[in-house]
Amino acid sequence: MAADGTLAIGRPAPDDVRKRRTRSATETVVYGFLFFAFAEVAIHLLTLAAGHQSAVTLAVSEPVATSFSRPDIVDRNGRLLATDLEAPSIYADPGVVLDRDELVEKLATVLPDIDQKELLRALSDRTRRFVWVRRGVSPKIAQRVHDLGLPGLSFRYELKRAYPAGLLAGHVLGTVNVDNRGLTGIEKYIDESIGTDPVHAASLSTRMPVRLSLDIGVQHALEDELDDAEQKYRAAGSAGIVLNVKTGEVLASASTPRINPAWPSQAHDDKYLDKMTAGTYELGSVFKTLTIAMALDEGLAKPDTVIDVRKPLEVGRFTVTDFHPANRPLSVTEIFTHSSNIGAGMLALQAGPDKFEAFLRKFGMLSPLKTEEGPVAAPQLPPKWGKASTITISYGHGLAVAPLQFAAATASVLNDGKPVHPTFLKRYGGDQAAEKSLVTRTTSRDMARLMRLNVTAPDGTGKEADVPGYRVGGKTGTADMPGRGGYSSKSVISSFLGAFPMDDPQYVTFVILFDPKGTAETKGQHTAGYTAAPVTGRLISRIAGQLGVAPTDVAASQ
Amino acid sequence: MRLLNIAAFFFAITSALLLYGLNYDTRRLEAEVQSKERAAERARDDIAVLKAERGTLARPDRIDGLARQIGLAPPRVDQFANGREVSDLGDQDRRNGR
């Protein structure tokens, strides 16, 4: 160091220079390290991004079977009608299968209905890695297939629709396909209006159950009575419905032969057609309920108005007669209870074709109807609505409608004229939107009284439907079945439109028997008064209590 | 300054150990959650099967057959009474010391 210190100021000491160099080297190393660290992170990120992309491509190229989870279906009281369960499905990997012929032969011992040719063809394609063998088998079958020890066969769990109540309400519930998608009935409605969730594994739905208007107790009683009736009267088929007059809720709806919702193939067989909604029929004299209601509502007649029905009605080449000719003038009440075709025809003629058509149109009898179960078969109208059509339709011929549509129309008559819209879903509280009444309250009450009289009067056609205590009313209908070369009186559609309790109608029932045969008990008769009416009586005696309708004595004492 | 560096070094080491511990705990908890979710899924499946079995056992045609076997039948009209009558009968029984 210089003595005057000048040097010390102008030139740095060698120690300082060394220190500065060392610091500079350290900084270079640190920055270099940081640079390489960041570079490594960047490279790693790029690698990950590239790797991630390839993983996605691989996932998409894998065979993925999509299924759908569906909400449960329950009846109005929460009792289970349909649910999803886990079920094993069997698939094969053709690339791993050692001996195709052996695999197919051995599989056929456990699954005898398997399409062996198709499976062999699918397994021949070694480029495929996934071939369904059978989906939704029972755990027992899966175990037996597993025990065969065949290489190349594997299992995966999928959702399968189960119907714990068996055939009960099969037509209403509908069916699903192998992917658990709704094909018909309420199952289809769920797909269209409520929603299902696509799943790749057996994940149960978290959606709220779909609550139907059906009551499984009432549904069982209806199906049981129809089964008995079909056997007893050797009928070719039958159908029935129980409808809440106030809300339009369908409490029960059945058609025989009954359909198994677990077998979707049955839905395509005409034999299993839902006669209540998917078939249209000329229903016969039950139609007089609407004809007489029109006459009363239009002021054309009163219940005690007397009409001369002794002469047959001549319409072109047709002659309309009565099944039980009274040979005396009849009041409108008697026309209903005697089921006079001539009387109904004369009342319809008095109104005229236009007014009669307008009345039926007002009740929705001439336009298509849709419910949650699906579209109801469209009515078959006469090609020309003239005098002849007016007369024949007045007693239920010449216009074919679905029984559900007819039951809803008559329920509207009994509901003080307020329109009844049939539904298969439970309605929760609250008044329905106010709609214009289709007939007056007086007409509605008069019709309820006429229907009750038809069951209580000694000469009423519906005597056999009476159930002491439940104030049953109704109307019989026996329509000749159309066949080759015209109508045959040997084969009839026998029906009974019932309602109870008639002091304030709450429920409408409609029972139809197709081609019933007379028995010793019915003295060989196959008309509705001897067949469909007693079935309705037995049905009401079983369901009235379940539906909370109090017998007369109890109701009067309350 | 040196003291600060040493403190920072120990702080970094402690943080690394802490992070390692947290990471380990997170993985363990994740595994636990997955196992609970699997158990819940299994329970849901079991509930679905049990509900379906209950539905099958309680189906009306089965109950109907069983009820008729033990002599039961749908209720008759004369078997209904209103609440007041039932209550009156109860009062009568109590008065008679039954």
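**Briefing: domains of chain A and helices of chain B**

Chain A is divided into domain 1 (67–211) and domain 2 (216–557), with bounds that come from an automatic or database domain assignment. The model is predicted: local features need pLDDT of at least 70, side-chain atom pairs count only at pLDDT 80 or more, and totals for chains, interfaces and linings use all residues. Residues are numbered from 1 along each chain as its sequence is written, while chains are lettered from A and ligands numbered from 1 in the order in which they are written.

**Domains of chain A**

- The C-alpha centres of domain 1 of chain A and domain 2 of chain A are 42 Å apart.
- Their contact involves 22 residues from domain 1 of chain A and 20 residues from domain 2 of chain A, two residues being in contact if their C-beta atoms, placed from the backbone, lie within 7 Å.
- On the domain 1 side, helix H6 (170–173) and helix H7 (185–194) of chain A each supply at least two residues; helices (H or I, at least four residues) and strands (E, at least two) are DSSP runs, numbered from the N terminus.
- That side of domain 1 of chain A consists of ten nonpolar, seven polar and five charged residues, where Ala, Val, Leu, Ile, Met, Phe, Trp, Tyr, Cys and Pro count as nonpolar, Asp, Glu, Lys and Arg as charged, and the others, Gly among them, as polar.

**Helix H9 of chain A**

- Ten of the ten residues of helix H9 (residues 288–297) of chain A are buried, so this helix is largely enclosed by the rest of the structure.
- A residue is buried if 20 or more other C-beta atoms lie within 10 Å of its own, with C-beta atoms placed from the backbone.
- The buried residues of H9(A) include Lys288(A) and Asp297(A).

**Contact of H8(A) with H2(B)**

- Helix H8 (residues 216–232) of chain A and helix H2 (residues 60–69) of chain B have axes that come within 9 Å and cross at roughly 70 degrees; axes are lines fitted to C-alpha atoms, for helices over the stretch in contact, and angles run from 0 to 180 degrees between N-to-C directions.
- H8(A) is therefore roughly perpendicular to H2(B), a term for angles of 65 to 115 degrees.
- Ile216(A), Gly217(A), His220(A) and Asp224(A) in H8(A) meet Pro60(B), Asp61(B) and Asp64(B) in H2(B).
- By class, this contact has two nonpolar, two polar and three charged residues.

**Chain B**

- Chain B has three helices and zero strands.
- Its radius of gyration, taken over C-alpha atoms, is 35 Å, whereas a compact globule of 98 residues would have one near 13 Å, by the rule of 2.2 Å times the number of residues to the power 0.38.
- Along the principal axes, the C-alpha atoms of chain B fill a box of roughly 105 × 40 × 20 Å.
- Buried residues account for 4% of the 98 residues in chain B.

Key:
A residue is buried if 20 or more other C-beta atoms lie within 10 Å of its own, exposed if 12 or fewer, and partly exposed in between; C-beta atoms are placed from the backbone. Angles under 35 degrees count as roughly parallel, over 145 as roughly antiparallel, 65 to 115 as roughly perpendicular and the rest as oblique.
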